[in-house]
Amino acid sequence: MSQGLIIFLGPPGAGKGTQAEKYSELKSLAHISTGVMLRDHVENGTELGIIAKDILERGDLVSDDLVISMLQERLKEEDAKKGAILDGFPRTIPQAESLQNIGEEIQISSVVVFEVPEQILIERMLARGRTDDNEETIKQRFEVYEKEVAPLISFYAGDNLIKIDGVGEEGDIYSDLTMKLEPYLK
Ligand code: ADP
């Protein structure tokens, strides 16, 4: 059976997680957020969590090897068999390349890019108040985004790349997302 993946790309605070949560439920897809998984590891004090803690607090990226193996294991779980939304993965070119090589049954149905101006993102993140949502860490996460993640938009440039205006009401953004993704789902 083919395992279709939808990749959600966008800067921190763009609303990927909120939209992925709703859309995955609608389509019975697994919602895989590497950020949530890493924060769970930190909270549970696992070996990976101990390594990841300071990295998350600085706003840097956890190493490709660790995140790639974490994701590959997650994709083998039952709920992901019919497909998944990847929220926060890939975040680097090597991570994107790892997806091309993990198996014939895996295919990327669509790549969704959420676009939101930086000033709005900063306001949203400060209001959200996660432990990595302080001003200094936010600044670092934006730098990492520009350097490592934004190049993925060109990497995935092509027919299945969708752009979503992430400014406005959550419900309006969701309608737009649902409409634009429809042609890519069987
Ligand atoms: P946001 O999109 O708001 O920055 P996430 O919850 O997606 O937040 O990620 C939080 C943090 O987890 C990132 O700043 C990074 O340190 C780490 N992280 C998440 N996904 C990855 C990934 N694919 N590669 C490396 N680090 C990651």
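**View 1. A charged side chain over an aromatic ring, Lys-22 and Tyr-174.** In this predicted model, the charged end of Lys-22 sits over the ring of Tyr-174, at 4.4 Å from the centre of that ring.

**View 2. An aromatic pair, Phe-155 and Tyr-156.** A pair of aromatic rings is described by the distance of the centres and the angle of the planes. The structure holds two aromatic pairs, and in one of them, formed by Phe-155 and Tyr-156, the ring centres are 5.0 Å apart while the planes meet at 85 degrees, so this pair is edge-to-face. Phe-155 counts as partly exposed because its relative accessibility is 30%, whereas Tyr-156, with a relative accessible area of 9%, is buried.

View 3. Strands of a sheet pair through backbone hydrogen bonds, either parallel or antiparallel. Here the five strands follow the order E2-E3-E1-E4-E5, and their pairing is parallel. Strand E2 (30–33) and strand E5 (161–165) stand at the edges with a single partner strand each, so one side of each is left without a neighbour in the sheet. From one strand to the next, the twist averages 20 degrees.

**View 4. Strands E4 and E5 side by side.** Strand E4, which covers residues 106–115, pairs with E5 in the parallel sense over five bridges. Phe-114 stands opposite Ile-164, a residue in E5.

**View 5. Helix H5 across the sheet strands.** Helix H5, made of residues 93–100, lies across strand E1 (3–9), strand E3 (84–87) and E4, and the helix runs at about 150 degrees to E4.

Conventions: Residues are numbered from 1 along each chain as its sequence is written. This is a predicted model: local features need pLDDT of at least 70, side-chain atom pairs count only at pLDDT 80 or more; totals for chains, interfaces and linings use all residues. Side-chain values use heavy atoms; hydrogens and water are left out. Rings of Phe, Tyr and Trp (its six-membered ring) pair if their centres lie within 6.5 Å; planes under 30 degrees apart count as stacked, over 60 as edge-to-face and the rest as tilted. Buried means under 20% relative accessible area, exposed over 50%, partly exposed in between (1.4 Å probe, protein chains only). A charge sits over a ring if NZ of Lys or CZ of Arg is within 6 Å of the ring centre and within 35 degrees of the ring normal. Two strands pair if DSSP finds at least two bridges between them. Helices (H or I, at least four residues) and strands (E, at least two) are DSSP runs, numbered from the N terminus. Axes are lines fitted to C-alpha atoms, for helices over the stretch in contact, and angles run from 0 to 180 degrees between N-to-C directions. Contact means heavy atoms within 4.5 Å.
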